[in-house]
Amino acid sequence: MLPATSKLCAAISYRHLRNMTGLRRQAAVAISQELSRLASHSPGPSTWIHQVRRRSSLLSSRLEEKPFSEMEMSYIKQGEEALQKSLRILEDQDDWKTETVAGNGDKVLSKVLPDVGKVFRLEVVVDQPLDTVYGELVDNMEQMGEWNPSVKEVRILEKIGKDTVITHEKAAATPGNIVGPRDFVSVRCSRRRGSTCVLAGMSTTYGAMPEQEGFIRAENGPTCMVLRPLPGSPSRTRLTWLLSIDLKGWLPKTIINQVLSQTQVDFAKHLRQRLAQPVPAAC
C-alpha cells in the first residue's frame, strides 16, 4: 500500500497533473488511510505518525484550495515587490529632508531616489488602537471617498487570495483645479507580522479597466503604510506613509511637491476625524 501511495503522491508533482482536483483529493485520502493503517499496527501511539497526520490534514486542505492562475500569481508578485521596495526605502534613514511639520507634530519628509524620483514620508500618531486604524484603511477601503477629500472613489476590481486586491481609484480635483482629474489602477497587498501591519501597493495594468475618458491615468508606487502600536501606549498607533506618485501631464515640480505633501497632511487630519466618529449601533 505504501509504495502505491508514494507513486500517487509523486504523480501530482508533475505540472500537467497538478490541476486535476480528483487526483489531488485521492492522494490526500490515500495518505490518511496509510497513516491510519500504520498507527493501528503499532504497539503504542506513534508521535511521528500523529505529527505527519496533522501535516497531511493541512496539505489536504491546501490541495482543495483553488490554485492561482498565472495572471493572479503575477499580481501577487507585484504586490510583494511593492512591499519589499517600500520597506527598503523606509529602512534607509539617510538624506530625508523635512517638507512640513504641523502644530500637532505630524511631519512630512522627502528624499530623491535615483530609480524612483521624489518620495514623501508622513509620520503621525493616531489616538486609536492599531486594529481600528487597520480596519478603516483595509476592511473599509471602498469607503475612503466618504471622508478623504483627496479621493473621489476607491473600488475593488478583484480580490486575489486573502492579502491581495486590484483597485481603481479616482482622485478628487484639487482646489482651483490646479491638478486635473487623475485615476490609478493599483495592486495592493497587506501583511501582518506580530504587532506590525504593512499595506503596500503600486500601479499595474488591468484589462477590464482601461484608461477612462476625462481622467489622466497617473502612476503610483512603490508606496506603503506601516502601522505599529505606539511604544508604551498600545491604544495609540504610529502610522508611517511612504508616497511615490507620478501624476503625469505637464505640471511644474514645485506644484507637484506642494500638492503631494499637503495631501499627506490632509489625510492624517481627515483620518482622525473619521476614526473619532461614533460607530453606529448594530440593528
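**Reading burial, cores and salt bridges**

Analyst: Serine 244 counts as buried, because its relative accessibility is 5%. Buried means under 20% relative accessible area, exposed means over 50%, and partly exposed lies in between (1.4 Å probe, protein chains only). This is a predicted model: local features need pLDDT of at least 70, side-chain atom pairs count only at pLDDT 80 or more, and totals for chains, interfaces and linings use all residues. Residues are numbered from 1 along each chain as its sequence is written, and side-chain values use heavy atoms, with hydrogens and water left out.

User: Where is serine 244, and which residues is it in contact with, leaving aside neighbours within four places in sequence?

Analyst: Contact means heavy atoms within 4.5 Å. Helices (H or I, at least four residues) and strands (E, at least two) are DSSP runs, numbered from the N terminus. Serine 244 sits in the loop between β11 (233-243) and β12 (245-246). Beyond those neighbours, its contacts include Val116, Val119, Glu219 and Pro222.

User: How do I read a nonpolar core? Which residues have the most contacts inside the largest one?

Analyst: A nonpolar core is a set of buried Ala, Val, Leu, Ile, Met, Phe, Trp, Tyr and Cys residues joined through side-chain atoms within 4.5 Å. The largest here has 35 residues, and those with the most contacts inside it are Leu122, Val133, Leu137, Leu227, Leu239, Phe267 and Leu271. Elements giving it two or more residues include β3 (117-126), α6 (130-139) and α7 (253-276). Helix α7 gives the most, with eight residues. Apart from this core lies another, of 13 residues, among them Trp96 and Val119.

User: And salt bridges? How many are there?

Analyst: Side chains of opposite charge can pair when their charged atoms come close. The rule is a side-chain nitrogen of Lys or Arg within 4 Å of a carboxyl oxygen of Asp or Glu. The count comes to 16. In one of them, arginine 191 pairs with glutamate 80, the closest N and O atoms being 2.8 Å apart. Arginine 191 is in strand β6 (residues 182-193) and glutamate 80 in helix α5 (residues 70-91), 111 residues apart.

User: Are these two partners buried or partly exposed?

Analyst: Arginine 191 counts as buried, at 17% relative accessibility. Glutamate 80 counts as partly exposed, at 27%.

User: What about glutamate 219 and lysine 248?

Analyst: Their side chains meet in a salt bridge (3.9 Å, N to O). Glutamate 219 lies in strand β9 (residues 219-220) and lysine 248 in the loop between β12 and α7, so the pair ties together parts 29 residues apart in sequence.
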